[in-house]
Amino acid sequence: MWVRSTMAYRTSFVMMTAGNFLGSGLDFAGILIMFSHIDVLGGFSLAEVAFLYGATSVSFGLADLLLGNMDRVGRRVRDGTMDTLLVRPVPVLAQVAADRFALRRLGRVTQGTLVLVWSLSRLDIAWTPVRLLLVPVMLVSGAAIYGAVFVAGAAFQFWANDASEVQNAFTYGGATLLQYPPTVFATELVRGVTFVVPLAFVNWLPAQRVLGRDDPLGLPGWLDFASPLVALACWVPAALAWRAGLRGYRSTGS
């Protein structure tokens with residue numbers, strides 16, 4: 001319904017998608033400006049940073065496209081409109097994700113894909129079957145990890161009511177963090193996004209294998225391939241938290 005509504009005004013859709021494309025591209029424009037004054041950032045070249053940027057942008061863009069409306073849960077809890085979703089014979093998670101589905105968010109995915117393709121054309125990578133397979137696995141697993149964070153943040157809003165900004169700190173904030181090399185951040189922060197909120201598995205760890213880089217934490221090499229398992233491990237508690245949030249929902253009483 002929302003896609004048909006959007007496409008009813010084609011010019012508006014094209015303009016909004018272009019705006020999303022250009023708006024998300026401002027982050028990479030900042031990186032380009034930075035590299036106009038330096039040759040490397042944390043030991044990474046422009047093409048390598050572009051690879052990190054493109055990978056996390058595509059993964060986050062896909063998750064944002066499918067589950068970006070999860071931050072509306074707190075608003076629905078406050079005004080009681082969550083009741084409407086509960087009486088329909090459709091999973092509530094699917095309804096929340098589809099609510100006001102914004103096809104214009106394809107602009108972010110497109111922009112990230114272009115940067116990723118450009119970086120791959122500039123990098124001198126000794127391609128092997130493993131590295132070739134690791135790139136799409138990294139993108140899909142990264143999207144799944146971001147999706148789990150979206151759902152977990154939405155579940156938290158059943159109790160906090162107005163916590164969308166807390167959720168955004170880990171989703172949008174995490175996407176911004178992963179655009180840059182892990183070597184520019186403090187070791188404690190890198191450990192935190194590896195073992196506490198495992199966003200490092202979105203691109204940092206698999207990208208190290210693709211780029212032939214050493215892990216700054218000295219972690220075992222097999223962790224570079226662990227993104228799918230981490231995505232699954234993230235979805236289990238996120239799904240349980242969502243289920244607990246639904247069971248604990250008590251409406252507004254109005």
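First, the basis of the analysis. This is a predicted model, in which local features need pLDDT of at least 70 and side-chain atom pairs count only at pLDDT 80 or more, while totals for chains, interfaces and linings use all residues. Residues are numbered from 1 along each chain as its sequence is written, and side-chain values use heavy atoms, with hydrogens and water left out.

Let me start with helices H3 and H8. Helices here are DSSP runs of H or I with at least four residues, numbered from the N terminus. H3 covers residues 46-67, and its axis lies 8 Å from that of H8 at a packing angle of about 50°; axes are lines fitted to C-alpha atoms over the stretch in contact, and angles run from 0 to 180 degrees between N-to-C directions. That angle makes H3 oblique to H8. As for the classes, under 35 degrees counts as roughly parallel, over 145 as roughly antiparallel, 65 to 115 as roughly perpendicular, and the rest as oblique. The contact of H3 with H8 comprises 13 nonpolar, four polar and one charged residue. In this scheme Ala, Val, Leu, Ile, Met, Phe, Trp, Tyr, Cys and Pro are nonpolar, Asp, Glu, Lys and Arg are charged, and the others, Gly among them, are polar.

How do H2 and H7 cross, left-handed or right-handed? Their crossing is right-handed. The axes of H2 (residues 10-35) and H7 (residues 106-122) come within 7 Å and cross at roughly 45°, and the two helices are therefore oblique to each other. H2 contributes residues including Thr17, Asn20 and Phe28, which meet a set in H7 that includes Arg108, Gln111 and Trp118. This contact divides into five nonpolar, seven polar and one charged.

Arg131, Leu134, Val135 and Met138 of H8 contact Pro206, Ala207, Arg209 and Val210 of H11. These residues comprise six nonpolar, no polar and two charged.

Now to the individual residues. Asp224 sits in the loop between H11 and H12 (227-248). Asp224 counts as buried because its relative accessibility is 7%; buried means under 20% relative accessible area, exposed over 50%, and partly exposed in between, with a 1.4 Å probe and protein chains only. Leaving aside neighbours within four places in sequence, Asp224 contacts Leu134, Leu205, Pro206, Gln208 and Arg209.

Phe185 is in the loop between H9 and H10 (187-196) and is partly exposed at 24%. Not counting residues up to four places away in sequence, Phe185 touches Leu177, Tyr180, Val190 and Trp204.

Finally, Thr176 belongs to H9 (residues 164-177) and is partly exposed at 37%. Thr176 and Tyr53 are 123 residues apart in sequence, with their C-alpha atoms 8.5 Å apart.

How values were computed: Contact = heavy atoms within 4.5 Å. Left-handed = near helix turned anticlockwise from the far one by under 90°.
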